Amino acid sequence: MNDSGVLFFILMTGLAATMTLVYVPLRFFLTATARSRRLKLLQRIRRLRDELGQPLDP
């Protein structure tokens, strides 16, 4: 019984470590790409706003 408890603990620890090694880099990547997309969108909005603020050349 004692050996199965140790084996279960090692298995759960291994699964948790594997999930962490997958989740953490994936979360950083998704956060970075979302911020990049948001920044590009904000820059596009600012550019359009500046263009709309300029008078039209006849």
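Buried means under 20% relative accessible area, exposed over 50%, and partly exposed in between, with a 1.4 Å probe and protein chains only. With that noted, I looked up the burial: buried residues make up 0% of the 58 residues in the chain.

Ground rules, for the record. This is a predicted model, where local features need pLDDT of at least 70 and side-chain atom pairs count only at pLDDT 80 or more, while totals for chains, interfaces and linings use all residues. Residues are numbered from 1 along each chain as its sequence is written, and side-chain values use heavy atoms, leaving out hydrogens and water.

Next, the fold. I found 1 helix and 0 strands in the chain (DSSP runs, H or I of at least four residues for helices, E of at least two for strands, numbered from the N terminus). The radius of gyration is 25 Å, well over the 10 Å that the globule rule gives for 58 residues, so the chain is more spread out than a compact globule. That radius is taken over C-alpha atoms, and the rule is 2.2 Å times the number of residues to the power 0.38. I also noted that the C-alpha trace spans about 90 × 10 × 10 Å along its principal axes.

Leucine 11 sits in helix H1, residues 2-53, and is partly exposed at 48% relative accessible area. Leucine 48 is in helix H1 too, and counts as partly exposed at 44%.

Last, I checked a distance: leucine 48 and tyrosine 23 are 25 residues apart in sequence and 37 Å apart in space, C-alpha to C-alpha.
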